[in-house]
Amino acid sequence: MSFKDFPAQQPAVELLQRSLARGRLAHGYLFAGHELDDLELLARTLAKTLNCQQPVKRGGVAVDCCDRCLVCQKIEHGNYADVHWARPESKSRIITIDQIRDLMKEIQLKPTEAEFKVAVIVA
């Protein structure tokens, strides 16, 4: 999926794309709402856009992913080394301290394949 596939999230998508176009992407974003699946897809799309090999560009800057290159496909299937996910491990919907510590260790290292490392915490 690319940003154009989120018509219901258009204000958030426009904010992200403006930030990307201006080179002023924040170090963290909070995606909140009732549709957890859509929010995860939006976070995945941002990760793809940051690391895409053939991104859609506006003014010479990537503002959307191609959704076809090898990196986009790896991120889509969850097997890209520089995108990390932390999800609750039990029905109690709690992310443990050990999970966050592991995530912090991974994020502190340099990227292995991409320009950007991305961490997504799903709660």
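Guide: The chain exposes about 8,100 Å², with carbon and sulfur atoms supplying 52% of it; accessible areas come from the Shrake-Rupley method with a 1.4 Å probe. This is a predicted model, where local features need pLDDT of at least 70.

Visitor: How much of the chain is buried?
Guide: Buried residues are 37% of the 123 in the chain. Buried means under 20% relative accessible area, exposed over 50%, and partly exposed in between (1.4 Å probe, protein chains only).

Visitor: And what order do the elements run in?
Guide: From the N terminus on, α-α-β-β-α-β-α-β. Helices are DSSP runs of H or I with at least four residues, and strands are E runs with at least two.

Visitor: Switching topic, how many charged side chains, positive and negative?
Guide: There are 17 positive and 16 negative ones, and the centres of the two sets lie 5 Å apart. Lys and Arg count as positive, Asp and Glu as negative; His and the chain ends are not counted. Each charge is placed at NZ of Lys, CZ of Arg, CG of Asp or CD of Glu.

Visitor: Where does R93 sit?
Guide: R93 is in the loop between β3 (83–86) and α4 (97–108). R93 is not a glycine either, yet has a positive phi of about 60 degrees. At 45% relative accessibility, R93 counts as partly exposed.

Notes
Residues numbered from 1 in each chain as written. Predicted model: local features only at pLDDT ≥ 70, side-chain atom pairs only at ≥ 80, totals over all residues. Heavy atoms only, no water.
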